[in-house]
Amino acid sequence: MSAPIRSPNDTGTPPEQPHLVRRFSLLPATALNMTNMLGAGPFITIPLLMTAMGGPQAMLGWIVALVIVICDGMVWSELGAAMPGSGGSFVYLREAFGRERWGRLMAFLFVWQFVLSGPLEIASGYIGFAQYASFIWKGLTRPGVIALVTVVGLINIALLYRRINSIAKITVSLWVGTLITVLAVIFAGATNFDPHIAFDFPPGAFNFSLGFFLGLGAASRIGIYDYLGYYDVCYIGDEVRDPGRVIPRSILISTAAVALIYIGINFSIIGVVPWREFVPANAHPESNFIVSIFMEKLYGTGVATIFTLLVLWTAFGSVFALLLGYSRIPFAAAQSGYFFRAFGRLHPTKDFPYVSLLVLGAISIVAGFFSLGTVIDALIVTRILVQFMGQIFGLILLRRRAPDMPRPYRMWLYPIPALVALFGWIFVFATTQIAVILFGVGVLALGCVAFLLWSWNTKGWPFVIAEAKS
């Protein structure tokens, strides 16, 4: 009897299923965070930052944001090192609050708000890209902006539609371009810095009134937006090599490095371009490309045009890093049974969550059609209650409930950094405009209703408990 005919690849064992591969080492992980953090943020928000408090005293808001981010980065570092998995906050909230009860609610609410806030953050990069493109493309109309945002968004999706190993190489190359851009700004500003321009405070700049603290909150919110991304590596925890070491180090290194870079960028610009020339931002169209104006004032239009292209590169690097990390969140939720099953699919040959990537990429393009100020306020407020504050409480619960959990990184001076971050988030939330607060609370309330309907349909908690007692 003849033996069965085998194909050349038939070894008698079932084919290996698609899976995520740990290829991100410390360098690309740090590059991922820094590319996201630097991005277009400091180049598009300096006019908004100065407008928040009406002068260079708005740098106080940037300092408040830095303190919050450093302390919150320790929260992310401990959670990310202890539970390295795709989804980041989704995993931390689920495990900290108990996956069968309150953890189900917290994880669901995180994914619920993230479907909105994630694309909003990516969209802010698209908006910044379009703003700086208008320096080169004179007379760029509103339909032209929409078309440009759409094209950039589609290119971003296309570049991410591939294996993670090639993405790591692309990330490092974008990071190098980002560093060249920011270092050029710092060098130009340092060699032409005028302290009389930089520290030209308006009368009553430091009168500690209610208006001052409301302005400080607004400036802090913009500063936090600039820093967003210090945790981006946590969203691809399943693809990080030696996560217990790489995740906390990449967070701490990228935060410290970007803090120094931001100091240089902010003072470079306000030390050359008088802040009164672009404040308030909505009354000065040139505030849309303030760094281009900065370079034009120093070196002329030709150099400013070349540098604008570097800013566009930096902005694109940011949205690339964001969409990479954020596309893993609905994927992780779907695989755990907390989101639509389609989002949990991996590409059959390239091993990446292609459905999640396509959906978030499409929503981000649409969100890019709104104004930058609206996008920033909405994305910060929707994240504070569930994600940032929720993780702090989650960390405290885990310390009490699971003291023996392996923790490759433990927060320094615990619980002081966690409490500082918590009070910082409360301050930022409380000083936001009432309409935006109501928007954030409304999104959360709708999420609670959706959770109850979903739990009723799936016979999950809290309804399964009620049935067991009846």
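How are α9 and α16 oriented to each other: roughly parallel or roughly perpendicular? Before you answer, keep in mind that this is a predicted model.

Select residues 210-227 for helix α9 and residues 416-430 for helix α16. Their axes sit 8 Å apart, and the packing angle is about 115°. Angles from 65 to 115 degrees count as roughly perpendicular, so that is the answer for α9 and α16. If you want the handedness too, the crossing of α9 and α16 is left-handed.

Now show the side chains where they touch. On α9, pick Phe213, Leu216, Gly217, Ser220, Arg221 and Ile224; on α16, pick Trp425, Phe427 and Val428. Colour this contact by class and you get six nonpolar residues, two polar ones and one charged one.

Next stop, helix α11: select residues 290-299. Ile290, Val291, Ser292, Ile293, Phe294 and Met295 are buried here. Step past the end of α11 and you land on glycine 300, which has a positive phi, near 100°.

Click cysteine 71: its nearest cysteine sulfur belongs to cysteine 234 and is 16 Å away. A disulfide needs the two sulfur atoms within 2.5 Å, so cysteine 71 is in none. Is cysteine 71 buried or exposed? Buried, at a relative accessible area of 11%. Finish on cysteine 448, which counts as partly exposed at 30% relative accessibility.

How values were computed. Residues numbered from 1 in each chain as written. Predicted model: local features only at pLDDT ≥ 70, side-chain atom pairs only at ≥ 80, totals over all residues. Heavy atoms only, no water. Buried < 20%, exposed > 50% of the residue type's maximum accessible area, 1.4 Å probe, protein only. Helix = DSSP H or I, 4+ residues; strand = E, 2+ residues; numbered from the N terminus. Axes fitted to C-alpha atoms, helices over the stretch in contact; angles between N-to-C directions. Parallel < 35°, antiparallel > 145°, perpendicular 65-115°, else oblique. Left-handed = near helix turned anticlockwise from the far one by under 90°. Contact = heavy atoms within 4.5 Å. Nonpolar A, V, L, I, M, F, W, Y, C, P; charged D, E, K, R; others polar.
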